[in-house]
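User: Could you walk me through reading a few features of a protein model? I would like the general idea each time, and then the case at hand.

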Amino acid sequence: MTGIGITHIGLCTPLGNSAESVLSKLLQGDTSAMQWRDDLLFEKSTLVGVVNNDVLLDIPEHLQEFSCRNNRLLHTAAMQINAEVQSAKQSYGAKRIGVILGTSTSGISKGETALRYRAEHGCFPPNYHYSQQELGSTSFYLQKLFELEGPCYTISTACSSSAKVFAAAKRLLQADLCDMVIVGGADSLCQLTLNGFSALESVSSGQCNPFSVNRDGINIGEGAVLFTLEKKSAQVMLVGVGESADAHHISAPHPQGCGAIAAMEQAIADANISINDIDYINLHGTATPKNDAMESRAVAALFNGTIPPCSSTKPLVGHLLGAAGAIEAAFCYLILSDLNIHQALPPQLWDGQADPNDPSLPLVSPGQTATKLRYLMSNSFAFGGSNASIIFAKQPQQGQS
């Protein structure tokens, strides 16, 4: 198999920072990372996916102007690929390595703290810089950290942000503008986001419940995931990407999922496979009434009675918003990796009460395994009809077809 290989991965997630920890908790359906917090919503507590503070690394002294929780999450993931990036710099040169990341919050929590300080003291705190919360700060920080000189930018298209980075990186590699592109996403918990979704009546009163008739909204989470993409063979390959923008509504998805179907169709065509080749779908599955209804219709319409096993993993980590595409891509990577010796699938955690108004999906049961794991699809559908679908493939071992 030729194409674009995922050569390295860095993790800083609610499920842990190592591939072994994340995969184990993912397959067990471990919800221990979901915690009740009373400092995010103004009027009540809310359940969110949290990264343990003890695992976060500090920003280097010479880059303190970038210091914020979002970049600390990013830095913690980045240190896991540091040696490989430095080696690639020696092979390719700093100008041939790009950085494309997705985020939606960036360091806005730092700005929230700074505004409270300003209200009390009449000035911003001395350690506050606007660059700590600027959307572009995420990618620019990583470029500065690794001392790279290639293309560098941030994609912020709400919940599809860090899924679309794969499409952007693929274009850079195929155009021979880069030999390696670092992609991924980072998002951190903040009051702005939580209260915004609460104003839309989209935050769950408890554990989110994707595809249930009783679903009442999302749980939000935080984390950072990074990948290095290169034009070489690897254990897990990026084989298909699809993007669409249906612009149906500023926040509501198209009821029949026209844009979602277009993105999935494009990803399948790009991978040069048929719909019957997909072995598992990581659903966007936010547990909001309209999103789940749309996605179930889109998947049912496209796969037409041959829907592969699928699940939403958001009850385990929350919805990472701009970083959701990246963490769910990481889940697909780990499912396809040699660590998943039993070919297990992530279980769908819900109350089991399907919505009779929506098409039924073959949601993964606890302990369910696959007879074959070769091609996995991951969906990300965002506000404004910004949709992305990615297909990953397991590289066959020598002697296999």
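Analyst: Happy to! A salt bridge is called when a side-chain nitrogen of Lys or Arg lies within 4 Å of a carboxyl oxygen of Asp or Glu. Keep in mind that this is a predicted model. Here the side chains of Arg-215 and Asp-358 form such a pair, at 3.2 Å from N to O. The two residues sit in distant parts of the chain, 143 residues apart: Arg-215 in the loop between α7 and β7, and Asp-358 in the loop between α11 (324–336) and β12 (375–381).

User: Are Arg-215 and Asp-358 buried or exposed?

Analyst: A residue counts as buried under 20% relative accessible area and as exposed over 50%. Arg-215 and Asp-358 are both buried. They also belong to a network of salt bridges that links Arg-215, Asp-292, Arg-297, Asp-355 and Asp-358.

User: How many salt bridges does a search of the whole structure find?

Analyst: The search finds 18. One of them joins the side chains of Glu-222 and Arg-69, 2.8 Å from N to O. Glu-222 is in the loop between β7 (220–221) and β8 (223–230) while Arg-69 is in helix α2 (residues 69–78), so this pair ties together parts that are 153 residues apart in sequence. With a relative accessibility of 1%, Glu-222 is buried, whereas Arg-69 is partly exposed at 22%.

User: Which side chain meets Lys-314 in a salt bridge?

Analyst: That of Glu-328, at 2.7 Å from N to O. The pair links helix α10 (residues 314–317), which holds Lys-314, to helix α11, which holds Glu-328, and the two are 14 residues apart. Lys-314 counts as buried because its relative accessible area is 1%, and Glu-328 is buried too, because its value is 2%.

User: Now to helices. What span should helix α4 have?

Analyst: The expected span is 1.5 Å times one less than the number of residues. Helix α4 (residues 108–121) has 14 residues and should therefore span 20 Å; its end C-alpha atoms are 20 Å apart, in agreement. After α4 comes Gly-122, which has a positive phi near 80°.

User: Which residues of α4 are buried, and what covers them?

Analyst: The buried ones are Ile-108, Ser-109, Gly-111, Glu-112 and Ala-114. Their cover includes α7 (191–199).

User: How do I read the crossing of α6 and α11?

Analyst: Start with the angle between the axes, where 65 to 115 degrees counts as roughly perpendicular. The axes of helix α6 (residues 161–174) and α11 come within 4 Å and cross at roughly 70°. The two helices are therefore roughly perpendicular. Next, look at the residues that meet: Ser-162, Ala-163 and Phe-166 from α6, with Ala-324, Gly-325, Ala-326 and Ala-329 from α11. Sorted by class, this contact has five nonpolar residues, two polar ones and no charged ones.

Key. Residues numbered from 1 in each chain as written. Heavy atoms only, no water. Buried < 20%, exposed > 50% of the residue type's maximum accessible area, 1.4 Å probe, protein only. Contact = heavy atoms within 4.5 Å. Axes fitted to C-alpha atoms, helices over the stretch in contact; angles between N-to-C directions. Parallel < 35°, antiparallel > 145°, perpendicular 65-115°, else oblique. Nonpolar A, V, L, I, M, F, W, Y, C, P; charged D, E, K, R; others polar.
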